[in-house]
Amino acid sequence: MSDVRRTDAVLLLVAIVWGSSYLSAQTATAALPVLLVLFARYALSALACLGLVLSRRGARRWTRAELRAGVPLGLTQAAVLIVETYGVAHTTAANAGLIISLTIVLTPLLDRSGRSGGLPAAFYAATGVCVLAVALLMSGNGFHAPRLGDLLMLGAAVVRAGHVVLVGRLTVGRAIRPLHLTTVQTLVGTVLFLPAAGADLPTLVHADAATWTQLVYLALFCSVFAFLAQTWAVQRSSASRASLLLGTEPLWAVAVGIALGGEHLTPLTGVGAALMLTGTYWGQAVERTHRTEHPTEKDLTCPSTTPPRTPPRDATPPRSTLKDTTPTRT
């Protein structure tokens, strides 16, 4: 296998893993309280990240910049996961994966720092397509009051977009190692969720093997593995190529939800899914072109190779010196 094909395969595997995470989270929260699931996921991720950091000789210490960025980002990341996990627990895995992809068009709307002029009209048209898609996804078999889970996923997309903007502002131009920053974030989340989950820890200890399998998969594959694999692959690929492959995540969320979760798309939600994918890809392409034609000073000094993301869950931009308004998995 050539290096290009190997890199593409890794990026596609990351998209598949992330797409499957919604059903895994839904399955885990059906057996355990949401806050307990979050604590277990964070704790397992933190242990794995700490093990990786400690295994690297000469690179075990954290810098002040990594700690100063990691703590607030850990808090905002935890906020994203609280809203997202509660949302997944009250909607379908397919809807969750599609609605959260709104992050792609919401992030440029929030991150306008240092950029002259507004976004092109085509971008707002793409955003309108996404809004229509959300309405159709929430409709199910017919138009009715929005479901709680869908509204929470919509809120999660907004919070995630804010988190992505903050990631850029706290890491651009600073010597921050992604693994060390992610380790700080997972430790912050572990400490944050421990008091809330403490009373239910006996339930976690006595959880069955199937539930533990979902927790381990969420922590080690959807978080640690996917982050490291993304970082490795993005450094060996172009932004456009990486974004195309990672942007297939909603498709995998739908495929996994239907194939393994027994979900199905009604005609209305099927149209909504198609419109969501069209709108996010369109908006992403328009924003990337606009950024190229109207670069900021940071864009000129820090050319972007960060791929867009709908999603996280536990990642930061592959390189702290890169600037991009398209979201990465967090």
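**Exercise 1. Classify Cys-222 as buried or exposed, and count the disulfides.**

Cys-222 has a relative accessibility of 1%. Buried means under 20% relative accessible area, exposed over 50%, and partly exposed in between (1.4 Å probe, protein chains only). So Cys-222 counts as buried. Cys-49 gets the buried label too, with 2%. Now the disulfides: one is a pair of cysteine sulfur atoms within 2.5 Å, and the structure holds zero of them.

A quick note on the source: this is a predicted model, where local features need pLDDT of at least 70, side-chain atom pairs count only at pLDDT 80 or more, and totals for chains, interfaces and linings use all residues. Residues are numbered from 1 along each chain as its sequence is written, and side-chain values use heavy atoms, with hydrogens and water left out.

**Exercise 2. Work out which geometry the Phe-123 and Tyr-124 rings have.**

Rings of Phe, Tyr and Trp (its six-membered ring) pair if their centres lie within 6.5 Å; planes under 30 degrees apart are stacked, over 60 edge-to-face, the rest tilted. The structure holds four aromatic pairs. For Phe-123 and Tyr-124, the centres sit 6.0 Å apart and the planes make 90°, so call it edge-to-face. Phe-123 is buried at 0%, while Tyr-124 is partly exposed at 45%. Elsewhere, Tyr-217, Phe-221 and Phe-225 form one aromatic cluster.

**Exercise 3. Find where the protein chain's confidence is lowest and highest.**

pLDDT is the predictor's confidence in each residue, from 0 to 100. The protein chain averages 83, and 84% of the residues score at least 70. Helix α14 (residues 297-301) is lowest, at a mean of 50, and helix α2 (residues 34-54) highest, at 95. Helices here are DSSP runs (H or I, at least four residues), numbered from the N terminus.

How values were computed: Helices (H or I, at least four residues) and strands (E, at least two) are DSSP runs, numbered from the N terminus.
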